[in-house]
Amino acid sequence: MTMYMTPYRRSHSHNMNLSDRIARNFGLENSDVHIPVDVKDEKDAFVLSAIVPGLTAEEIEIEILDDTVSISGEFKREVEEEETYLRRERPNGNFRRSFRFATKLVAENAEAKLENGMLSLHIPKVPEAQPKSIKVKTK
């Protein structure tokens with residue numbers, strides 16, 4: 001069997017960050033599918049954006065505990081036994097992505113939106129963790 005390596009596949013595997021590699025090697029991420037996630041650090045919150053095409057809000061689970069956020073779910077695809085496919089590229093199976101932050105999070109005030117296959121998650125930081133400006137006084 002010959003396996004062709006496309007530039008996308010090569011760059012994706014080489015660019016996978018170290019934490020993802022470690023998690024997969026030790027079975028910490030129970031995933032059949034890898035969903036791309038952007039993580040933005042704002043002054044008072046973290047914002048995560050994940051691509052989850054075809055899923056409904058009920059099919060996505062979000063867990064926030066102290067300084068860790070986990071997004072999980074499952075892509076389900078109807079399988080026709082009598083159908084012959086030349087190529088099948090749509091995702092199928094479980095996914096789970098976890099992110100650990102340097103500060104604790106306020107889970108009660110987190111908000112999640114799903115629109116056109118894009119999951120947006122806004123998670124406030126604990127107020128003590130936010131940067132504070134201190135004015136210098138002169139005598």
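Select strands E3, E4 and E5, and you have an open sheet of three strands in the order E3-E4-E5, with antiparallel pairing; strands here are DSSP runs of E with at least two residues, numbered from the N terminus, and two of them pair if DSSP finds at least two bridges between them. Strand E3 (60–65) and E5 stand at the edges with a single partner strand each, so one side of each is left without a neighbour in the sheet. On average, neighbouring strands of this sheet are turned by 10° against each other, direction ignored, where the axes are lines fitted to C-alpha atoms and angles run from 0 to 180 degrees between N-to-C directions. Six bridges join E3 to E4, which run antiparallel, and if you pick Glu61 you will find it opposite Ser72 in E4.

Before going on, keep in mind that this is a predicted model, in which local features need pLDDT of at least 70 and side-chain atom pairs count only at pLDDT 80 or more, while totals for chains, interfaces and linings use all residues. Residues are numbered from 1 along each chain as its sequence is written, and side-chain values use heavy atoms, with hydrogens and water left out.

Next, select E1, E2, E7 and E6, which form an open sheet of four strands in the order E1-E2-E7-E6, with antiparallel pairing. Its edge strands are strand E1 (37–41) and E6, each of which pairs on one side only. Seven bridges join E2 to strand E7 (residues 118–124), the two running antiparallel, and Leu48 has Leu121 in E7 as its bridge partner.

Now turn to the aromatic rings, where the count comes to two aromatic pairs, a pair being rings of Phe, Tyr and Trp (its six-membered ring) with centres within 6.5 Å, called stacked if the planes are under 30 degrees apart, edge-to-face if over 60 and tilted otherwise. Show Phe46 and Phe101, whose ring centres are 4.1 Å apart and whose planes are at 25°, so the pair is stacked. Phe46 lies in strand E2 (residues 45–51) and Phe101 in the loop between strand E5 (93–100) and strand E6 (111–115), so the pair ties together parts that are 55 residues apart in sequence. Both Phe46 and Phe101 are buried, meaning under 20% relative accessible area with a 1.4 Å probe, protein chains only, as against over 50% for exposed and in between for partly exposed.
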